[in-house]
Amino acid sequence: MIKLEHVNKTFGNHQALTDLNVTFNAHETTAIVGPSGSGKSTLLRSLNLLERPESGLYHFNDQVIDFSHPLASKDVLSIRRKTGMVFQDYNLFPHLSVVKNVMEGPVQVLKQQPDAARQTAMDLLDKVGLADKADAYPGQLSGGQQQRVAIARSLAMDPEFILLDEPTSALDPELEAGVLRVLLALAQENDSMIVVTHNMEFARAVADKIIFVEDGRILFDGTPSDFFTKPNQRIADFLAAMT
Ligand code: ADP
Ligand code: MG
């Protein structure tokens, strides 16, 4: 479980997160939605400590970080291990083959034996439907295929939570579907996922819980069914603008 309490994050004189309180349950998929610039990425990046809020508490199971103190590097390492981030623009290593991209972290960081890491990487590539591309280079793949490799690479580190920031927003709709299918399958296996998305149909299909963020505050935290069937006026306006 990840829990934030009274978290504040400012950029210069702009308050990006204001007194944020939220819990993300393990073995659930949480979709974070909301208008552009509302603080969704800042929230997600704070969970991976890519952003450092100025105050508030971060609980990861029994581990507690107080953002008002300097971060200890052992806390940063431990949280980074437990949270795998998948970025909008994949960030694959262009000079490494697909299978080497997936093996890199397990071999370099987790010190796995290359043979074992390769076997795990091949299993994960199979899972994302790309076993036949193992020896290709990222530049030879479509954006959707690259994003599926990025998901496999994140899974290879065996994180407790997978964080995804608009994983399909750089993709054409026909490529988006393949990525969404992979994420739906992970959700059905009860992986712990937090995904920022603009795709309301996907959010509805995949999420156990929806969080709606606006102006750095959480205006809704509840079930997809309540979000879509009993939206308040602000959420109804947001949903209408999305379609
Ligand atoms: P979202 O992901 O919902 O579009 P962000 O979390 O990226 O929103 O941004 C929230 C607000 O914080 C925006 O006003 C954005 O301009 C600002 N912001 C985000 N990152 C930075 C940064 N590194 N420096 C300055 N302002 C930032
Ligand atoms: Mg964003």
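Which residues surround ligand 1? Keep that question in mind as you open this predicted model, and start with a look at the whole chain.

**The whole chain**

Show the cartoon first. The chain has nine helices and 10 strands. Its radius of gyration is 18 Å, close to the 18 Å that the globule rule gives for 243 residues, so the chain is as compact as a globular protein of that length. Buried residues account for 40% of the 243 residues. Of the contacts between residues at least 6 apart in sequence, 64% join residues at least 24 apart.

**Around ligand 1**

Now select ligand 1 and bring up its surroundings. The residues around ligand 1 are Phe-11, His-14, Ala-16, Gly-34, Ser-36, Gly-37, Ser-38, Gly-39, Lys-40, Ser-41 and Thr-42. Two elements, β2 (14-24) and α1 (40-47), each give two or more residues to this shell. The most come from α1, which gives three residues.

**The open sheet**

Next, pick out the six strands that form an open sheet, in the order β6-β7-β8-β3-β9-β10. The pairing in this sheet is mixed. At the edges are β6 (83-86) and β10 (217-222), each of which pairs on one side only. From one strand to the next, the twist averages 15 degrees.

Select Thr-83 and look across to β7, where Phe-161 stands opposite.

For the last stop, select β1 (residues 2-11) and β4 (residues 55-60). These two strands run antiparallel and are joined by five bridges. Click on Lys-3, and then on its bridge partner in β4, His-59.

Stay with His-59 and look towards β5, where Val-64 stands opposite. The strands β4 and β5 (residues 63-66) pair in the antiparallel sense, with four bridges between them. Together β4 and β5 make a hairpin with two residues between the strands. Finish by selecting Asn-61 in this hairpin, which takes a positive phi near 50 degrees.

Note on methods. Residues numbered from 1 in each chain as written. Chains lettered and ligands numbered in written order. Predicted model: local features only at pLDDT ≥ 70, side-chain atom pairs only at ≥ 80, totals over all residues. Pairing = 2+ DSSP bridges. Rg over C-alpha atoms; globule rule 2.2 N^0.38 Å. Buried ≥ 20, exposed ≤ 12 C-beta atoms within 10 Å, placed from the backbone. Contact = placed C-beta atoms within 7 Å. Near = placed C-beta within 6 Å. Axes fitted to C-alpha atoms, helices over the stretch in contact; angles between N-to-C directions.
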